[in-house]
Amino acid sequence: MFLEPHFRGQRSGWIEVICGSMFSGKTEELIRRLKRAKIANQKVEIFKPKVDTRYDEIKVVSHDSNFILSTPIDHSSKLLKLSDESTVVGIDEAQFFDEELPRHCQDLALRGMRVIVAGLDMDYKGRPFGPMPDLLAVAEYITKVHAICQHCGNLATHSYRRVVEDKTVVLGEQDVYEARCRSCYQMGNILNLQTTDKKKN
Ligand SMILES: Nc1ncnc2c1ncn2[C@@H]1O[C@H](COP(=O)(O)OP(=O)(O)O)[C@@H](O)[C@H]1O
Ligand SMILES: Cc1cn([C@H]2C[C@H](O)[C@@H](COP(=O)(O)O)O2)c(=O)[nH]c1=O
Ligand SMILES: [Zn+2]
């Protein structure tokens with residue numbers, strides 16, 4: 001379990017990143033840390049990308065229906081103005097943000113804030129997703145969480161897309177995605193390729 005570092009003497013900020021596949025518990029872990037900060041009477045602001053309207057327009061909601069209120073924003077440049085006077089800033093679905101997100105997170109940390117960011121490290125093709133690799137590079141603390149492979153029960157690291165759709169961004173739940181371990185993810189993609197080839201011939 002992640003143990004929060006304490007603010008010591010003169011406040012200095014830092015960045016925490018929670019990453020992993022879909023269903024790995026990123027949002028639950030983000031909510032857990034943010035609720036604890038609220039219990040400690042810290043001023044907490046929470047953001048998510050406007051594009052993420054999956055469960056709710058305003059709330060950050062986990063797959064287990066746990067939630068916390070947030071402010072949807074369309075660009076990371078809005079973070080600083082909206083986080084004024086905050087002690088802790090939480091950001092969910094970071095993979096959907098623009099490439100300037102890491103710079104703005106660093107700016108908040110330099111101003112003394114604790115910045116907690118959750119997001120998918122890989123897209124459905126297994127490629128680094130959006131600003132996540134750059135965030136991971138500049139973070140002080142990284143937590144990689146794992147789901148359970150829906151095929152074999154091992155730890156899952158990949159998000160397998162169950163529908164044929166090439167776009168990188170396709171919002172969805174269990175109807176569209178499955179958490180899979182590396183082997184089951186690879187196997188699924190090979191089977192898909194074979195099916196597509198058969199249909200072509
Ligand atoms: N394959 C799976 N592995 C683990 N948890 C799963 C799986 N499918 C559904 N869940 C549920 O999803 C919850 C995690 O949800 P959430 O924190 O929203 O994940 P994430 O933000 O990483 O997608 C788990 O507590 C569990 O109830
Ligand atoms: C892998 C992958 C996912 N998405 C979408 C699907 C969901 O709406 C979110 C991830 O939500 P979670 O809180 O991590 O479960 O991202 C996508 O658009 N493209 C992808 O490749
Ligand atoms: Zn597996």
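The points below describe a predicted model, starting with its confidence and moving from the sheet to the ligand shells and the annotated sites.

1. Basis and confidence. Residues are numbered from 1 along each chain as its sequence is written, and chains are lettered from A and ligands numbered from 1 in the order in which they are written. Because the model is predicted, local features need pLDDT of at least 70 and side-chain atom pairs count only at pLDDT 80 or more, while totals for chains, interfaces and linings use all residues. The average pLDDT of the protein (the predictor's confidence in each residue, from 0 to 100) is 93, and 96% of the residues score at least 70. The ipTM is 0.99 and the pTM is 0.95.

2. The sheet. Six strands form an open sheet in the order β5-β2-β6-β7-β1-β8, with parallel pairing. Its edges are β5 and β8 (141-145), each with a single partner strand, so one side of each has no neighbour in the sheet. From one strand to the next the twist averages 20°. Strands here are DSSP runs of E with at least two residues, helices are runs of H or I with at least four residues, and both are numbered from the N terminus. Two strands pair if DSSP finds at least two bridges between them. For angles, axes are lines fitted to C-alpha atoms, for helices over the stretch in contact, and values run from 0 to 180 degrees between N-to-C directions.

3. Strand β2. All of β2 (residues 44-49) is buried, 6 of 6 residues, so the strand is largely enclosed by the rest of the structure. The burial classes count other C-beta atoms within 10 Å of a residue's own, with C-beta atoms placed from the backbone: 20 or more is buried, 12 or fewer is exposed, and in between is partly exposed. Both faces of β2 are covered, with V44, I46 and K48 buried on one side and E45, F47 and P49 buried on the other. The charged residues K48 and E45 are thus included among the buried positions.

4. Pairing around β2 and β6. β2 runs parallel to β6 (residues 88-91), and 4 bridges join them; I46 stands opposite G90 of β6. β2 also pairs with β5 (residues 71-73) in the parallel sense, over 3 bridges, where P49 has I73 as its bridge partner. β6 in turn pairs with β7 (residues 114-120), again in the parallel sense and over 4 bridges. There, G90 stands opposite I116.

5. Ligand 1. The shell around ligand 1 has 15 residues, of which K26, T27, S62, H63 and A147 come nearest. Two or more residues each are given by α1 (26-39) and β9 (147-148), and α1 supplies the largest share, 3 residues. A residue is near a molecule or strand if its C-beta atom, placed from the backbone, lies within 6 Å of it. By class, the shell divides into 5 nonpolar, 7 polar and 3 charged residues. Nonpolar covers Ala, Val, Leu, Ile, Met, Phe, Trp, Tyr, Cys and Pro, charged covers Asp, Glu, Lys and Arg, and polar covers the others, Gly among them.

6. A record-based site that includes K26 and D92. An unreviewed UniProt entry gives "binding site" for G20, S21, M22, F23, S24, G25, K26, T27, D92, E93, A94 and Q95. UniProt positions are in the numbering used here, feature names are shortened, and annotations may be inferred rather than shown by experiment. K26 lies in helix α1 and counts as buried because it has 28 C-beta neighbours inside 10 Å. D92 is in the loop between β6 and α3 (101-110) and is also buried, with 26 other C-beta atoms within 10 Å. Between D92 and D56 there are 36 residues in sequence and 13 Å in space, C-alpha to C-alpha.

7. Ligand 2 is surrounded by 15 residues, the closest being M22, D123, Y124, S159 and L171. Its shell has 8 nonpolar, 4 polar and 3 charged residues. The unreviewed UniProt entry lists V169, V170, L171, G172 and Y177 under "binding site". V169 lies in the loop between β11 (158-161) and β12 (177-180) and counts as exposed, with 12 C-beta neighbours inside 10 Å. L171 lies in the loop between β11 and β12 and is partly exposed, with 13 other C-beta atoms within 10 Å.

8. C149 is in the loop between β9 and β10 (155-156) and is buried, with 22 other C-beta atoms within 10 Å.
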